[in-house]
Amino acid sequence: MKTHAKPLTKLPAWKALAAHSKKISRLHLRDLFAADARRGGRMTAGAAGLFLDYSKNRVTGETLKLLLRLAMESGLRERRDAMFRGDKINVTENRAVLHVALRAPRGASIIVDGKNVVPGVHAVLDKMAAFSKRIRSGAWKGHTGKRIRNVVNIGIGGSDLGPVMACEALRHYCDRTMTFRFVSNVDGIDFVEAVHDLNPAETLFIVSSKTFTTLETMTNAQSARDWLVRRLGGGTKAVAKHFVAVSTNAEKVSAFGIDTANMFGFWDWVGGRYSMDSAIGLSTMLAIGSDNFCALLKGFRRMDEHFRTAPFDKNLPVLMGLLSIWNNDFLGAETVAVLPYEQYLKRFPAYLQQLTMESNGKHVTLEGKKVNYPTGPIYWGEPGTNGQHSFYQLIHQGTRLIPCDFIAFVHALTPLGRHHDMLLANVFAQAEALAFGKTPEQVKAEGTPDWLVPHRVFEGNRPSNTILAERLTPEILGALVALYEHSVFTQGVIWQIDSFDQWGVELGKALAQRIIPELEKKAEPELKHDSSTNHLIRRYRKMKEAL
């Protein structure tokens with residue numbers, strides 16, 4: 001696929017933004033709001049049930065104009081359209097990037113290598129729905145004839161973070177007669193704690209690995225198989241009644257003892273971190289039911305259509321992506337704090353960490369040339385109001401600029417007295433405090449002694465977005481995830497990087513495969529690592545043998 005004719009920093013809009021940023025650095029949000037009484041209502045946009053207030057960013061009308069020009073000069077429209085068409089925009093792996101096909105409506109047409117992939121997507125969804133109904137109704141029986149009451153998802157990365165986040169976010173909609181657990185870490189504690197109070201006769205394991213060779217996943221899957229057979233007996237007959245697979249490797253799935261009729265497939269044009277609405281979401285469908293899962297897909301689809309069709313100046317993912325570029329590359333911010341004021345979204349920042357940092361943590365362009373500008377800010381966060389009593393101190397008065405995304409909902413799913421009004425008051429207050437701060441004059445007017453004034457001053461001018469929705473539903477969760485997916489895409493296009501490969505995870509995995517036998521073999525291994533690694537391996541072996 002054609003890449004950019006000019007390096008990013010040579011684009012006219014980039015040069016203009018660099019010059020403009022020197023002027024804007026002298027402006028404070030207090031001044032910007034004082035000069036424009038309509039700013040708070042004007043710098044907003046909405047789509048797919050989400051409302052975005054971006055007025056508390058350090059931008060003017062000129063800033064936004066230049067950012068939108070940068071999007072055009074970077075070919076964002078063309079590259080977006082190429083993704084939706086099914087072009088192979090993942091250039092290092094020569095693959096299409098079609099997570100949008102996972103939620104395409106039945107009857108749509110998206111062609112990859114001459115074949116419409118949408119019917120295959122819906123065939124898998126239909127198979128998932130039928131299986132889900134059997135489990136949830138009790139029609140599926142385990143090896144001893146008991147119904148399934150516990151589901152353990154075994155995966156890692158995108159095969160874990162998406163389902164974990166979704167099941168937690170949508171717990172209000174879950175079948176509370178069932179227990180859902182997730183195992184990802186190769187640390188044995190993760191598996192042991194997940195199953196310690198479960199009855200194996202009532203437990204179903206979902207093993208999620210495209211190749212069925214992922215080291216951590218298959219190590220945990222084998223331990224699960226051993227645990228089940230040891231307690232139930234029955235060998236492969238028991239395995240077939242208590243294990244299903246999300247994979248494309250039928251041979252290895254069958255060798256494990258899983259009936260391939262209970263194998264749910266997906267495609268190489270689905271990246272792991274973009275797969276929670278594919279068969280990887282089987283545990284989510286089991287938890288919330290197929291109707292709610294369809295609503296989740298509808299939310300994804302609504303945001304996809306908005307991103308595909310809306311003008312850039314009203315396009316939520318484009319605006320958020322451009323503002324992130326501005327904060328990261330021109331104002332010097334290195335991180336983004338994602339702060340959901342909704343306890344059900346407590347795992348959402350962790351989910352975004354993979355989505356954003358695995359996608360845009362790249363140091364070379366599509367053409368393999370080293371970038372000379374920052375890419376991929378660090379995403380992190382915790383739910384409010386907990387964070388207010390820990391790290392908000394650094395955001396308010398620290399020396400680093402940390403843009404924030406506040407996420408909140410008008411209606412509580414579990415109303416309790418005054419709690420929700422207090423929660424939302426904190427959302428609005430924190431965004432206001434970050435933007436406007438408190439001047440020395442305001443502090444003095446409160447009767448503060450002169451020596452204490454510097455400690456109680458808030459500089460303000462700290463940028464934030466506020467994302468507001470009516471309530472957290474499956475549909476709104478889908479729209480929210482798609483919003484960030486397409487914002488990540490927007491940033492990657494402008495940075496001229498491949499947001500859909502992840503070669504950075506490979507080296508450590510390859511080295512681990514080399515080190516494992518060096519830790520396990522009885523004879524002293526010949527070590528050819530650096531002196532530090534050699535010493536650590538020898539010390540580990542010595543300490544292990546001493547036990």
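I take helices (H or I, at least four residues) and strands (E, at least two) as DSSP runs, numbered from the N terminus. The model is predicted, so I note the thresholds: local features need pLDDT of at least 70, side-chain atom pairs count only at pLDDT 80 or more, and totals for chains, interfaces and linings use all residues. Residues are numbered from 1 along each chain as its sequence is written, and side-chain values use heavy atoms, with hydrogens and water left out.

**Cavities**

I searched the whole structure and got four cavities of 30 Å³ or more. A cavity here is a set of points, on a 1 Å grid over the protein atoms alone, where a 1.4 Å probe fits but cannot get out; lining residues have an atom within 4 Å of a point. Grid points are joined across faces, edges and corners, and a volume is the space filled by probe spheres set on the points.

I opened the largest cavity, at about 140 Å³. Its lining has 18 residues, and Ser324, Asn327, Val336, Tyr379 and Pro403 are the closest to its centre. Which elements give two or more residues to this lining? They are helix 14 (316–330), strand 10 (335–340), strand 12 (404–409), strand 13 (464–469) and helix 20 (474–495). Helix 14 has the largest share, with five residues.

I then sorted the lining by class. Ala, Val, Leu, Ile, Met, Phe, Trp, Tyr, Cys and Pro count as nonpolar, Asp, Glu, Lys and Arg as charged, and the others, Gly among them, as polar. The largest cavity shows eight nonpolar, nine polar and one charged residues.

The second largest cavity comes to about 40 Å³. I list its lining as Arg79, Ile89, Phe489, Gly492, Val493, Ile497, Asp498, Ser499 and Phe500. Helix 20 supplies the largest share, three residues. The classes are five nonpolar, two polar and two charged.

I traced an open sheet of six strands in the order 1-2-13-12-10-11, with mixed pairing. Two strands pair if DSSP finds at least two bridges between them. Strand 1 (44–47) and strand 11 (378–380) are the edges, each pairing on one side only. Neighbouring strands are turned by 15 degrees against each other on average, direction ignored. Axes are lines fitted to C-alpha atoms, for helices over the stretch in contact, and angles run from 0 to 180 degrees between N-to-C directions.

Strand 1 pairs with strand 2 (residues 50–53) in the antiparallel sense over four bridges. In this pair, threonine 44 stands opposite aspartate 53. Helix 17 (residues 419–436) packs on the sheet and touches strand 12 and strand 13, contact meaning heavy atoms within 4.5 Å. The direction of helix 17 makes about 155 degrees with that of strand 12.

Definitions and conventions. 1 Å grid on protein atoms, 1.4 Å probe; cavity = no way out; pocket = protein on both sides within 12 Å on 5 of 7 lines; lining within 4 Å.
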